[in-house]
Amino acid sequence: MKRLRQYVHEQTKRDSEFVTHLEQARSEVRLAVAIAQLREQRGMSQRDLARETGIKQPQIARLEKGDHLPTLDTLWRLLSALGARMELGPEGSVTVHPISRRT
């Protein structure tokens, strides 16, 4: 079985669009991981986040696995519930910043 790096290297040489799709997938995964990490930092379960946002828990699970890209409305609801802001940078960089919650 080929190693992933070898497969990516071969596909990159064969298909110029492969690189574009790969970068898009990386960006989607970065977003998914950032949301999941922030949720965990906030001490929230997926069920807690679902209650807070009105988004069903299975949909949150799909978002966090990178299976589904959120709409802007969904993203705003998630960021609001998590007390965060998101920064999109060049070439698909994604950074989620927690906003200090005042007690």
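At what angle do helix H2 and helix H4 pack, and how far apart are their axes?

I took up a predicted model, where local features need pLDDT of at least 70, side-chain atom pairs count only at pLDDT 80 or more, and totals for chains, interfaces and linings use all residues. Residues are numbered from 1 along each chain as its sequence is written, and side-chain values use heavy atoms, without hydrogens and water.

**Helix pair.** I looked up H2 (residues 16–41) and H4 (residues 57–65); they pack at about 120°, with axes 7 Å apart. Helices are DSSP runs (H or I, at least four residues) numbered from the N terminus. Axes are lines fitted to C-alpha atoms over the stretch in contact, and angles run from 0 to 180 degrees between N-to-C directions. That angle makes H2 oblique to H4. Oblique is what remains after under 35 degrees (roughly parallel), over 145 (roughly antiparallel) and 65 to 115 (roughly perpendicular).

I then listed the contact (heavy atoms within 4.5 Å). H2 gives Ala 32, Ile 35, Ala 36 and Arg 39; H4 gives Leu 63, Glu 64 and Lys 65.

**Cavity.** The largest cavity has a volume of about 30 Å³, volume being the space filled by probe spheres set on the points. Its lining is Glu 28, Leu 31, Ala 32, Ile 35, Leu 63, His 68, Leu 69 and Pro 70. H2 gives the largest share, four residues.

Key. Helix = DSSP H or I, 4+ residues; strand = E, 2+ residues; numbered from the N terminus. 1 Å grid on protein atoms, 1.4 Å probe; cavity = no way out; pocket = protein on both sides within 12 Å on 5 of 7 lines; lining within 4 Å.
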